[in-house]
Amino acid sequence: MTIVARHWVPSAAVVPQERGSEFLAAVDGAEWSEGIGFHRGFFSTFRIRAGKAVWFHFPLPTPVELGGEPVFLAEVSLLWECLEGAKIGWMCLQHGGMERIELTPRLTEPDSVAVPHEVPEEWRAYHPTGDRRLTEITLPAPLALRFGVQLCVMITADDADATVRFYGAGAAFSNQP
């Protein structure tokens, strides 16, 4: 299989499905972020209320044809970190609004690798130290594309409010099934 295109969307593309103060607490003391989250230039942060699960959706640019030939989705990626007890509870892919493809088993954190990063001193106050993780999931069989796709990520918080940061999401496309 040959990868013919890779696309990434920044963290600001993420859309929470559940909103409001019942699901999302204020982030970093910014009261205005309660119920909606906090988008920064570096990442988007959401504070999940204790005992809640919140879905987040990343719309991914989706070519369905290149040079007159069909395109297949081969892989999806997520750059993220969970803090204070937040957990990825499920990852799925939506294709065309009606087809759901499970990427990870429910209530199973995905495999990931650490992605260390150095922040210049002048930006440190705006970019707290963290534990960025990269999850790359190769689909069992490339998905023939006809419609748009989005990466769907469920985040859970157990006994206390917990934080998730998203740094972006991506997809790799092939010209072969």
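Modeller: The radius of gyration is taken over C-alpha atoms, and the globule rule sets it at 2.2 Å times the number of residues to the power 0.38. For 177 residues, a compact globule would come out near 16 Å; the protein has 17 Å, which agrees. This is a predicted model, where local features need pLDDT of at least 70, side-chain atom pairs count only at pLDDT 80 or more, and totals for chains, interfaces and linings use all residues. Residues are numbered from 1 along each chain as its sequence is written, and side-chain values use heavy atoms, with hydrogens and water left out.

The C-alpha trace spans about 50 × 35 × 25 Å along its principal axes. The protein holds 15 strands and 0 helices. These are DSSP runs numbered from the N terminus: strands are E, at least two residues, and helices are H or I, at least four. Of the 177 residues, 46% are buried. Buried means under 20% relative accessible area, exposed over 50%, and partly exposed in between, with a 1.4 Å probe and protein chains only.

Now the main core. A nonpolar core is a set of buried Ala, Val, Leu, Ile, Met, Phe, Trp, Tyr and Cys residues joined through side-chain atoms within 4.5 Å. The largest one has 37 residues. Phe56, Leu73, Leu78, Leu151 and Phe166 touch the most other members. Several strands give two or more residues to this core, including E1 (3–10), E5 (44–48), E9 (72–83) and E13 (133–144). Strand E15 (162–174) gives the largest share, 6 residues. Apart from this core lies another, of 5 residues, among them Trp55, Cys92, Cys152 and Met154.

Take Leu151. Contact means heavy atoms within 4.5 Å. Neighbours within four places in sequence aside, Leu151 is in contact with Phe56, Leu78, Cys92 and Ala169, among others.

Two strands pair if DSSP finds at least two bridges between them. Strand E6 (53–60) runs antiparallel to strand E14 (149–156), and 8 bridges join them. Here Leu60 has Val149 in E14 as its bridge partner. Another 8 bridges join E9 to E13, again antiparallel. There, core residue Leu73 has Leu143 in E13 as its bridge partner.

The cysteines come next. A disulfide is a pair of cysteine sulfur atoms within 2.5 Å. The structure has 0 of them. For Cys82, the closest cysteine sulfur is in Cys92, 16 Å away, too far for a bond. Cys92 is in no disulfide either; the sulfur of Cys152, the nearest, is 6.5 Å away. Cys92 counts as buried because its relative accessibility is 1%.

Compare Leu83, in strand E9. Leu83 counts as partly exposed because its relative accessibility is 22%. Leaving aside neighbours within four places in sequence, Leu83 is in contact with Ala162, Thr163 and Arg165. Leu83 and Arg47 are 36 residues apart in sequence, yet 9.4 Å apart in space, C-alpha to C-alpha.

Among contacts between residues at least 6 apart in sequence, 78% join residues at least 24 apart.
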